[in-house]
2 protein chains.
Amino acid sequence: MELLKQRIVKDGKLIGDKILKVDNFLNHQIDPALVMEMGKEFKKRFENVEINKVLTIEASGIAVGMAVAYALNVPLVFAKKQVPSTMSDFYTADVFSFTKNKTSTICVSKEFLTPEDKVLIIDDFLAMGNAVVGLEELVTKAGAEVKGIGIVVTKGFQEGEKILQDRGHRVESLAVIESIKDGKINFR
Amino acid sequence: MELLKQRIVKDGKLIGDKILKVDNFLNHQIDPALVMEMGKEFKKRFENVEINKVLTIEASGIAVGMAVAYALNVPLVFAKKQVPSTMSDFYTADVFSFTKNKTSTICVSKEFLTPEDKVLIIDDFLAMGNAVVGLEELVTKAGAEVKGIGIVVTKGFQEGEKILQDRGHRVESLAVIESIKDGKINFR
């Protein structure tokens with residue numbers, strides 16, 4: 001997605017050769033018009049796929065998940081990072097975060113993920129793939145089906161994309177970063 | 001907002017006389033078309049007010065915050081409930097949650113809240129008002145100005161609305177619940 005790549009170049013912040021921060025328009029401050037365009041782009045990429053639900057994870061997946069669900073005209077469900085006290089019947093999966101260096105349990109109510117669901121998983125970043133594998137686990141436990149995975153920014157130099165493809169999934173990324181070198185981002 | 005009230009009656013779940021769960025279309029599963037309509041409604045309510053930023057709090061404020069920011073064509077900033085390791089310069093406020101019975105520190109980067117900002121605060125629920133007062137504190141610390149407060153569901157039988165009005169704010173709610181009695185919701 002050209003518009004996104006341009007924005008990454010313009011507003012992304014590099015920390016060393018591994019970390020790209022897009023707090024300016026996606027992860028803390030959000031450009032709603034750009035995010036709504038992402039929704040349309042994912043709709044285009046998955047237009048021949050039967051999808052009746054979008055699944056993402058709080059918090060930074062929600063905005064783009066909303067945009068995709070709106071474009072596809074299906075509900076969005078976001079997995080929670082803590083089990084709410086008012087939730088009684090749910091599926092869980094453990095997700096290790098390299099950024100935070102800890103494992104957390106994500107959960108989704110059994111009410112909102114069922115065997116009838118054909119799910120598009122959406123997330124903002126793909127690095128090692130742990131969050132998406134956690135979401136896939138929730139879908140599998142519900143007896144539902146993963147129909148595709150949509151990622152805003154994929155770090156092509158880490159293993160997540162290959163791991164998900166090896167598990168049989170179609171992964172669509174709006175921008176794939178092949179490398180970061182001398183303060184310059186090289187896209188695939 | 002009539003559409004929202006109908007949806008609350010149809011899909012809201014009551015727990016006793018105090019708690020309304022709208023997990024079905026707002027807090028866990030999200031109806032994106034309904035939430036986008038909320039954005040348009042808030043735009044209408046605040047149409048004569050100069051606003052250049054929408055501020056909300058993760059996680060359940062993000063979807064409606066996105067819709068409002070999109071309708072107003074301004075950026076959305078969401079306060080975080082944990083200070084990210086990559087964030088260096090930020091404002092914080094302490095927020096006590098009655099639901100979780102604990103105090104958490106919310107934060108926003110100084111980069112995304114500045115003295116020039118005329119802020120519309122958006123949240124999904126208003127009960128005692130603690131989260132919104134925390135967001136107001138972030139705005140004040142940044143030297144910015146709160147131009148209005150938009151709430152999806154206000155519990156009119158709790159103190160939050162009055163507390164915010166007494167602090168000089170205009171509070172617009174899409175649905176105000178006056179009471180819950182014998183399994184029936186009475187709107188204002």
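Predicted model: local features only at pLDDT ≥ 70, side-chain atom pairs only at ≥ 80, totals over all residues.
1. An open sheet of 7 strands has the order β11(A)-β10(A)-β9(A)-β8(A)-β4(A)-β5(A)-β3(B), and its pairing is mixed. At the edges stand β11 of chain A and β3 (29-30) of chain B, each of which pairs on one side only. Within this sheet, strand β4 (residues 53-57) of chain A runs parallel to strand β8 (residues 118-126) of chain A, and 3 bridges join them. In that pairing A:V54 is opposite A:L120 of β8(A). Helix α1 (residues 2-11) of chain A packs on the sheet, where it touches β9 (145-155), β10 (171-181) and β11 of chain A. The direction of α1 makes about 30° with that of β10(A).

2. **The sheet ending in chain B's β11.** A further open sheet, also with mixed pairing, is formed by 7 strands in the order β3(A)-β5(B)-β4(B)-β8(B)-β9(B)-β10(B)-β11(B). Strand β4 (residues 53-57) and strand β5 (residues 76-79), both of chain B, run parallel and are joined by 4 bridges. B:V54 has B:L76 in β5(B) as its bridge partner. Helix α5 (residues 130-141) of chain B lies across β4, β5, β8 (118-126) and β9 (145-155) of chain B. Relative to β8(B), helix α5 runs at about 165°.

3. **A hairpin in chain B.** Strands β6 (residues 90-97) and β7 (residues 102-109) of chain B are antiparallel and pair over 8 bridges. B:S97 is opposite B:K102 of β7(B). The two strands form a hairpin with 4 residues between them, and in the turn B:N101 has a positive phi of about 55°.

4. **Helix contact between the chains.** How are helix α4 (residues 62-72) of chain A and helix α3 (residues 32-45) of chain B placed relative to each other? Their axes are 9 Å apart and the helices pack at an angle of about 110°. Angles of 65 to 115 degrees count as roughly perpendicular, and α4(A) and α3(B) are therefore described in that way. On the α4(A) side the contact residues are A:M66, A:A69 and A:Y70, and on the α3(B) side they are B:P32, B:A33, B:V35 and B:M36. This contact has 7 nonpolar residues, with no polar and no charged ones.

5. **Salt bridges.** Over all chains the count is 36 salt bridges. Side chains of opposite charge can pair when their charged atoms come close. One of the pairs is A:R188 with A:E161, at 2.7 Å from N to O. A:R188 lies in the segment after β11 (184-187) of chain A and A:E161 in helix α6 (residues 160-166) of chain A, so this pair ties together parts that are 27 residues apart in sequence. A:R188 is exposed at 52% relative accessibility, whereas A:E161 is buried with a relative accessible area of 8%.

6. **Further salt bridges in chain A.** A:D166 and A:K162 form a salt bridge whose closest N and O atoms are 2.6 Å apart. Both residues lie in helix α6 of chain A, 4 residues apart, which is about one turn of the helix. A:D166 and A:K162 are both exposed.

7. **Backbone features to inspect.** Most residues other than glycine have a negative phi, and most peptide bonds are trans. The peptide bond from A:E58 to A:A59 is cis, with omega near -5°, and A:A59 is in the loop between β4 and α4 of chain A. In chain B the bond from B:E58 to B:A59 is cis as well, with omega near 0°, and B:A59 is in the loop between β4 and α4 (62-72).

8. **Positive phi in two loops of chain B.** B:N73 is not a glycine, yet has a positive phi of about 60°. B:N73 sits in the loop between α4 and β5 of chain B and is exposed, with a relative accessible area of 64%. B:D182, also not a glycine, has a positive phi of about 50°. The loop between β10 (171-181) and β11 of chain B holds B:D182, which is exposed at 74% relative accessibility.

Definitions and conventions:
Residues numbered from 1 in each chain as written. Chains lettered and ligands numbered in written order. Heavy atoms only, no water. Axes fitted to C-alpha atoms, helices over the stretch in contact; angles between N-to-C directions. Parallel < 35°, antiparallel > 145°, perpendicular 65-115°, else oblique. Contact = heavy atoms within 4.5 Å. Nonpolar A, V, L, I, M, F, W, Y, C, P; charged D, E, K, R; others polar. Pairing = 2+ DSSP bridges. Salt bridge = Lys/Arg side-chain N within 4 Å of Asp/Glu carboxyl O. Buried < 20%, exposed > 50% of the residue type's maximum accessible area, 1.4 Å probe, protein only.
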